[in-house]
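Biologist: Could you walk me through this one before I set anything up? I'd like to begin with the overall picture and then go residue by residue.

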Amino acid sequence: MPLLHRLARIGHAAIAFTLDGVPCEGRAGDTLLTAILRHGERLRESEFSASPRAGFCQMGACQDCWVQCEDGERLRACTTPLVEGMRIVTRQRTQP
Amino acid sequence: MTERGNPLIVGAGPAGIRAAQALAAAGLRPVVVDEGQRCGGQIYRQPLVADGRDARQRYGSEVAKAMDLHRAFEGLVARIDYRPQSLVWNLRDGVADIMRDGRNDRIAYDGLILATGATDRVLPIPGWTLPGVFTLGGAQIALKAQGCAIGTDVVFVGSGPLLYLVAWQYLKAGISVAAVLDAAPRSAKLNLWRGLPLAPDIVLRGIRMAAELKLSGTALHFGVTDVRIEGAARVEHISWRSRGRDHGIDCDGIGYGLNLRSETQLADLAGCAFRYDMRDRAHLPLRDVTGRSSAAGIYLAGDGARIAGADAAERAGERAALALLEDRGLTHDAARAAKLERELQRIDRFRDVLETAFPFPAHWADGIADDTLLCRCEEITAGEARQAIGNFSLYEVNRLKAVSRVGMGRCQGRVCGTAAAELMTRETGRDIACVGRLRAQPPVKPIPFALCLREPTNEGQHESAH
């Protein structure tokens with residue numbers, strides 16, 4: 001079950017992105033954090049214990065919501081607007 | 001005076017907006033740098049796009065203040081150098097490094113007003129890193145700015161006016177609020193009556209919110225201790241002790257906070273002197289009633305200097321701007337300045353009352369279990385921090401940081417700094433005022449490595465993309 005539940009912007013324009021390779025849809029006006037947590041229960045796994053994390057402060061202070069894109073770029077999910085075509089990975093990958 | 005440089009304002013919340021307004025009215029063209037996409041700060045935050053809800057639904061009783069601030073700032077944009085979605089990550093000797101879109105601008109400023117705001121203060125509790133646990137501020141932003149609830153069956157826990165405000169906002173949005181767990185004893189709320197003559201509207205509104213929560217069937221518990229959040233991969237359950245008994249309830253979202261803590265990193269980098277503040281139980285930059293800091297040309301306003309709320313922030317922002325004008329030898333309205341100071345002092349007296357009604361539960365730090373994570377970034381447990389303190393005979397938080405990495409991670413101690421100090425005072429027996437404060441280091445928030453390698457540019461000039 002998703003972590004966040006949408007009460008507004010339900011009919012706003014869809015924005016396509018992928019989450020761990022799976023096609024997903026956000027809504028215009030979503031932050032990346034909102035878009036991901038509307039579909040999943042985590043944003044990332046912690047570096048040391050691989051425990052699931054899903055942000056905390058939502059105002060750019062705690063830095064717990066940095067997510068990784070498939071190309072390796074890192075984005076702070078709570079302050080980054082969702083953009084069409086983002087490809088996000090939330091599970092730790094073994095380095096190539 | 002035309003040969004003098006422009007002042008820099010950091011933050012476009014209530015304090016930054018009013019400061020910018022006063023400087024622009026005097027003919028200056030301040031640079032206003034703000035991390036947000038739109039003005040308003042966190043309290044009067046605006047959504048990224050229109051979402052069908054009107055301002056009254058979004059800001060409730062504060063709608064007039066929010067709309068007035070937003071309108072005032074929109075009217076200013078042509079007369080100031082406004083830089084949204086931008087981070088001041090370093091300040092030194094009248095020069096600021098500002099990151100926007102992965103690019104760095106280095107600008108010189110003449111006069112600095114810091115209106116950096118605040119974030120939720122927390123102490124570690126078991127399970128607090130589980131998905132579904134957000135700060136009270138985070139839970140409010142999800143609802144207000146993103147139109148999302150953090151769960152369908154939500155519990156709010158902690159201390160502070162925000163505890164009841166956010167719970168009530170969720171209730172009004174149609175979300176089931178399973179419980180409000182207040183760290184303070186019920187008797188603490190009796191102090192609110194002393195605040196009635198100072199701010200009757202606020203006190204009565206708060207009482208009404210608590211009453212509506214109670215009438216809706218939300219369980220209100222007071223004097224809560226031993227809070228524990230449980231779940232396999234996300235929040236499933238919360239347990240606690242109150243009135244000598246163990247309690248527990250299932251839930252799928254938790255909002256947690258213990259009032260607020262000031263964002264002081266930039267004041268530190270700017271060279272402001274700090275002192276320990278008993279009311280906020282934190283080291284804060286020194287500031288007088290005009291907003292002047294210990295450093296010439298540097299002014300502090302709003303919750304970033306000391307927690308006093310949005311109404312105080314508006315007044316402190318304007319007052320600090322008037323001090324800047326005066327120090328620059330420009331005309332300023334002394335009568336207006338005196339009026340703002342009187343209002344600030346009144347709000348400050350009310351703040352003293354609020355602190356007794358919504359006290360910080362320092363006793364929650366007494367029994368932090370060894371296996372509870374103290375530092376979310378570097379994943380250091382309370383036990384590891386205790387061990388470091390004991391093994392190396394540490395008595396100061398920066399030594400703890402150097403030895404254990406507590407406060408060295410991405411958040412730079414914003415989240416764990418309170419707990420590190422509380423733990424240190426308990427392990428060493430030293431007074432909380434004497435265990436030090438985590439010194440700020442640039443960058444105050446993460447920036448890409450690539451940014452540091454690029455040559456800085458001069459004021460107002462973006463370097464060419466390569």
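Predicted model: local features only at pLDDT ≥ 70, side-chain atom pairs only at ≥ 80, totals over all residues.

Biologist: How does the radius of gyration of chain A sit with a compact globule?

Modeller: Chain A has a radius of gyration of 13 Å, which agrees with the value near 12 Å that a compact globule of 96 residues would have. Its C-alpha trace spans about 40 × 30 × 25 Å along the principal axes, and 59% of the 96 residues count as buried.

Biologist: And what does the accessible surface of chain A come to?

Modeller: The accessible surface of chain A is about 4,100 Å², with 54% of that belonging to carbon and sulfur atoms.

Biologist: Switching to chain B, where is Asp51?

Modeller: B:Asp51 lies in the loop between strand 2 (31-33) and helix 2 (55-59) of chain B.

Biologist: Buried or exposed?

Modeller: B:Asp51 counts as buried because its relative accessible area is 6%, which is under the 20% cut-off.

Biologist: What does its side chain meet there?

Modeller: The side chain of B:Asp51 makes a polar contact of 2.9 Å with that of B:Arg53, and with B:Arg58, which is also buried, it forms a salt bridge at 3.1 Å, N to O. Setting aside neighbours within four places in sequence, B:Asp51 is in contact with A:Ala8, A:Arg9 and A:His12 from chain A, as well as with B:Arg58.

Biologist: How many salt bridges are there over all chains?

Modeller: The search of the whole structure finds 49. One of them joins B:Arg106 and B:Asp97, with the closest N and O atoms 3.0 Å apart; here B:Arg106 is partly exposed at 30% relative accessible area, whereas B:Asp97 is buried at 2%. In another, B:Lys189 pairs with B:Asp182 at 2.8 Å, and both of these residues are buried.

Biologist: Which residues are linked in a network?

Modeller: A network of salt bridges links A:Arg44, A:Glu47, A:Arg53 and A:Asp64 with B:Arg376, B:Glu379 and B:Arg410.

Biologist: Last topic: which residues form the nonpolar patch on the surface?

Modeller: The patch is formed by B:Leu190, B:Trp193, B:Leu204 and B:Ile207, which together have about 410 Å² of accessible area. B:Leu190 sits in the loop between strand 12 (176-182) and helix 6 (192-195) of chain B, and it counts as exposed because its relative accessibility is 58%.

Key. Residues numbered from 1 in each chain as written. Chains lettered and ligands numbered in written order. Heavy atoms only, no water. Patch = residues over 30% accessible without salt bridge, like charges linked within 9 Å, V, L, I, M, F, W, Y side chains within 5 Å. Areas by Shrake-Rupley, 256 points an atom, 1.4 Å probe, with all protein chains shown as cover. Salt bridge = Lys/Arg side-chain N within 4 Å of Asp/Glu carboxyl O. Helix = DSSP H or I, 4+ residues; strand = E, 2+ residues; numbered from the N terminus. Buried < 20%, exposed > 50% of the residue type's maximum accessible area, 1.4 Å probe, protein only. Polar contact = N/O pair within 3.5 Å; in protein donor to acceptor, adjacent residues only side chain to side chain. Contact = heavy atoms within 4.5 Å. Rg over C-alpha atoms; globule rule 2.2 N^0.38 Å.
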